[in-house]
Amino acid sequence: MTKGILIAGTHSGVGKTTVSVGIMAALKQRQLKVQPYKVGPDYIDTSHHTAICRRPSRNLDTYIMGIDGVRQTVARTSADADIMVVEGVMGLFDGVDSTEIASSAQVAKILDLPVILVIDVNGMSRSTAALLKGYSEFDPDVKVSGVILNQVGSPRHAELVKNSLPDEIPVVGEIPRRKDIEVPSRHLGLYMAHENDYNTEEMAAFIEENVDLDAILELAEPCSVPEISDVKEQKADVRIGIAMDPAFCFYYQDMFDAFMCQGAEVEFFSPMAGEMPDVDGIYLGGGYPELYAEALENSKTTRKLKDLAADGLPIYAECGGLLYLCRTYEVNGRVYKMADVVPGNTHMTNQLNALDYTEAHPLDRNFCSHNIKGHEFHFSITECDRDARFEYKMLRGKGIQDGFDGLIEHNTLAGYMHSHPATFPAGKFVQKCREYNRR
């Protein structure tokens, strides 16, 4: 079994991502095969992991995927790696609705991984010991095996902190303050990997200098996962186009894998560049269409989508994809014409309008026969026509309006909910593409 560690924080903003990608970069620099993971429903951190490790980073989320789904994903993707590095989410024990579900602690327990706790020591010294005591003893089943001190002000500051800490939990890193190493953020989180110009070699050298990688490798333990048989993909007989460019970049690698396992070939294309491949179905993920609204308005792809949708081409769209398929999209007071596939208009706001896990009950069983779990995170508001048809009644989450999500038009489904193949009916979507292909 592959050995691994889970890097957690005391709370959001302590530097988990910077530390995690730095450790990944340093281990990769040592010629190790590093399999990255991210706890929770995150698309942005995984883009950094993937860029550095040159292996797709996978999400581990027990709310969306279930415990078995998390363990099977790790078993399926880590076998040929030298080490797996899991980046946590929020604070170590933060889960859904004040429970441990989908928390870093729960993932550490079900995978039997040691935790390296990142503590931002800016503005404190001996109080760090009280913090560590609480985190290390709160749940005896969670193994806090090492500590990384972040935002250390000086060698004297580091000495004061370390002298107060218990000997049984080693300090494996003392990271000084350095703004140019941090990954910048914006309204939906950090910048994506393709937008960052940080120097991977410099980051790796910085971590090598300030973190005891040998000690971390010693602390790593074999991951507890089930044996899994090889999954044979069906011979591809349909092709699904997946929008992939700066406007549409929020995807789970597991969704691509699910399509391919069901007999689909995936082909990436750029709506911003006006591309439209010869495909049997389209998947439009989330991203930042608000930053590229003018390019999308002028794109040949935008003008072609309405006719393709009316012809019955299966289209599935999430969040940013939904906004793109609406008639108009208002950003900073300017109204842009979009694809006009679904009966709605969208405008961006300056406030967060939804951030939560979701659960949706399908109203049209032709698409799905079971509840779907996912998440929503957006700053926009979509207003629909009175006769708009919805696929989902939201059991958890806001959806588009009045507790409903998933606009249906022709063979198109577009909603705010981001889904995962653990519950999303990938097989049914591929079959719809197959039926369209056979006309």
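Is Phe 250 counted as buried or exposed at 7% relative accessibility? In this predicted model, local features need pLDDT of at least 70 and side-chain atom pairs count only at pLDDT 80 or more, while totals for chains, interfaces and linings use all residues. Residues are numbered from 1 along each chain as its sequence is written, and side-chain values use heavy atoms, with hydrogens and water left out.

Phe 250 counts as buried at 7% relative accessibility, where buried means under 20% relative accessible area, exposed means over 50%, and partly exposed lies in between (1.4 Å probe, protein chains only). Its partner is Tyr 43, with which Phe 250 forms a stacked aromatic pair, the centres being 5.4 Å apart and the planes 10° apart. Rings of Phe, Tyr and Trp (its six-membered ring) are taken to pair if their centres lie within 6.5 Å, and planes under 30 degrees apart count as stacked, over 60 as edge-to-face and the rest as tilted. Tyr 43 is also buried, at 7% relative accessibility. Because Tyr 43 lies in the loop between β2 (34-39) and α2 (44-53) and Phe 250 in strand β12 (residues 248-250), the pair ties together parts that are 207 residues apart in sequence. Helices (H or I, at least four residues) and strands (E, at least two) are DSSP runs, numbered from the N terminus.

The search of the whole structure finds 18 aromatic pairs. Ring pairs also link a cluster made up of Tyr 251, Phe 256, Phe 259, Phe 268, Tyr 283, Tyr 316, Phe 367, Phe 424 and Phe 429.

Strand β11 (residues 238-243) is mostly covered, with five of its six residues buried. This strand pairs in the parallel sense with β13 (residues 264-269) over six bridges, two strands being paired if DSSP finds at least two bridges between them. Within that pairing, Arg 239 stands opposite Glu 265. Strand β11 also runs parallel to β14 (residues 281-284), to which three bridges join it, and here Gly 241 stands opposite Ile 282.

The structure holds zero disulfides, a disulfide being a pair of cysteine sulfur atoms within 2.5 Å. For Cys 223, the nearest cysteine sulfur is that of Cys 53, 16 Å away, and Cys 223 is buried, with a relative accessible area of 2%. For Cys 368, the nearest cysteine sulfur is that of Cys 433, at 15 Å, and Cys 368 is likewise buried, with a relative accessible area of 0%.
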